[in-house]
Amino acid sequence: MERRKFLALAAGSAAATMVAPHLASAQTPSFEAQTVQGTVMATRGNITGTTLPLNGPAADGIRYRPRFRFGMGGTQIGNIFAPISDAQAQATLQTAWDGGIRHFDTSPFYGHGLSEHRLGAFLRDKPRDAFLVSTKVGRIFHPSRQPLAPTLWAEKLNFSYEYAYTAEGARRSVEDSLQRLGLASIDIVYIHDLGPENTELPQPWTRAYEIARTGAMVELERIRNEGLIKAWGFGINRPDAAIKAATDDAPTPDIVLLACHYSIIEHEEALEHTFPALAEKGITVTVGTPPNDGFLGGRNRYHFSDKLPAGAVEKRARLAAVADRHGIDIRTAALQFAAAPSIVSAIIPGARVSGQVEANIESMKVGIPKAFWDELRNEQIILPEAPVPV
């Protein structure tokens, strides 16, 4: 995630999965900026499912497909934008577990270790084969002798960091994460924030990629072969590094976490270019922030920026109007749309409070009428070839 953009947003104390309570109204919703932490968009529609979706065995040619198709992102338990207590973090995680979620994504960057610590504490008494954890490498954290300046992470742990896409940095980061999580192994490790959108990198992203190509990527292959991890890939907002790895002589990623690159409101580039390039090498995708960083819940923030692209607000309003006519909410539509492509192995919406987790789980069990998707195509809100739930 681009730190400079986040710093500008941090003062607004907005949660990444913020949603608007008035969207439960039977009337066509009018979106406006939301400032309340942890509000919940009510789930609308007929609940026809009883369990969360799972993936079957990976087909021939697929490098890795996690068992659990629906997960939970860990930025909020890392105090993104505004703090939550340890008790609230544990209650939110417990609600996720009770609702059947077994796929948890985190990162050393989230709260400078706080998200990993909280997640590890929650999982401490759970059978290791009952859940999946993904985390990230790319930064090494050190205790700071001075208080840290304010950033997007509220009340973060007092650890500073440096970028490290080297082999030594990747192994050190994995070992540190194992300690923070209290685990003997990690399921997926993503190389974090390696792309042109990360203007905080100390060198051009292409130079950082070359360091990773002969460093972190090679080392993660070794670590996977040692059994400390099951798969590795990239955790990025833009697909550039993943596509480059899929098309050059670098080690091939197993899975890629793409945030804000595939959503119901913006998916053209992914369908036309990104997904075909990754599928060619058997690389699967985890979709991060399916509600587009809260934009589809009413936040005036898009792709981790308060600069909204032309036409985005109008397209969101059109989407909401169609959803209202078919008796569903747009979060439900957004989550199920993001999970529909065959290349997608998982989606991981975040949550700050238990109610948001419960609503996300309910959304995956709603039966969305075919007429809704037909109307979205007719209104040119989604591409004609975009996969939809069946």
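Let's start with Arg 102, which lies over the face of Trp 97, at 3.7 Å from the ring centre. That label applies if NZ of Lys or CZ of Arg is within 6 Å of the ring centre and within 35 degrees of the ring normal. Quick background: this is a predicted model, where local features need pLDDT of at least 70, side-chain atom pairs count only at pLDDT 80 or more, and totals for chains, interfaces and linings use all residues. Residues are numbered from 1 along each chain as its sequence is written, and side-chain values use heavy atoms, leaving out hydrogens and water.

Okay, back to Trp 97. What does Trp 97 form with Phe 131? An edge-to-face aromatic pair, 6.5 Å centre to centre with 65° between the planes. For pairing, ring centres of Phe, Tyr and Trp (its six-membered ring) lie within 6.5 Å; planes under 30 degrees apart are stacked, over 60 edge-to-face, the rest tilted. Trp 97 sits in helix α2 (residues 86-98) and Phe 131 in the loop between α3 (114-123) and β3, so the pair ties together parts 34 residues apart in sequence. Helices (H or I, at least four residues) and strands (E, at least two) are DSSP runs, numbered from the N terminus. Both Trp 97 and Phe 131 are buried, meaning under 20% relative accessible area, with exposed over 50% and partly exposed in between (1.4 Å probe, protein chains only).

The structure holds 17 aromatic pairs. Ring pairs also link a cluster, including Phe 109, Tyr 110 and Trp 153.

Last stop, helix α6 (residues 216-226): its buried residues include Met 217, Leu 220 and Ile 223. After α6 comes Gly 227, with a positive phi near 95°.
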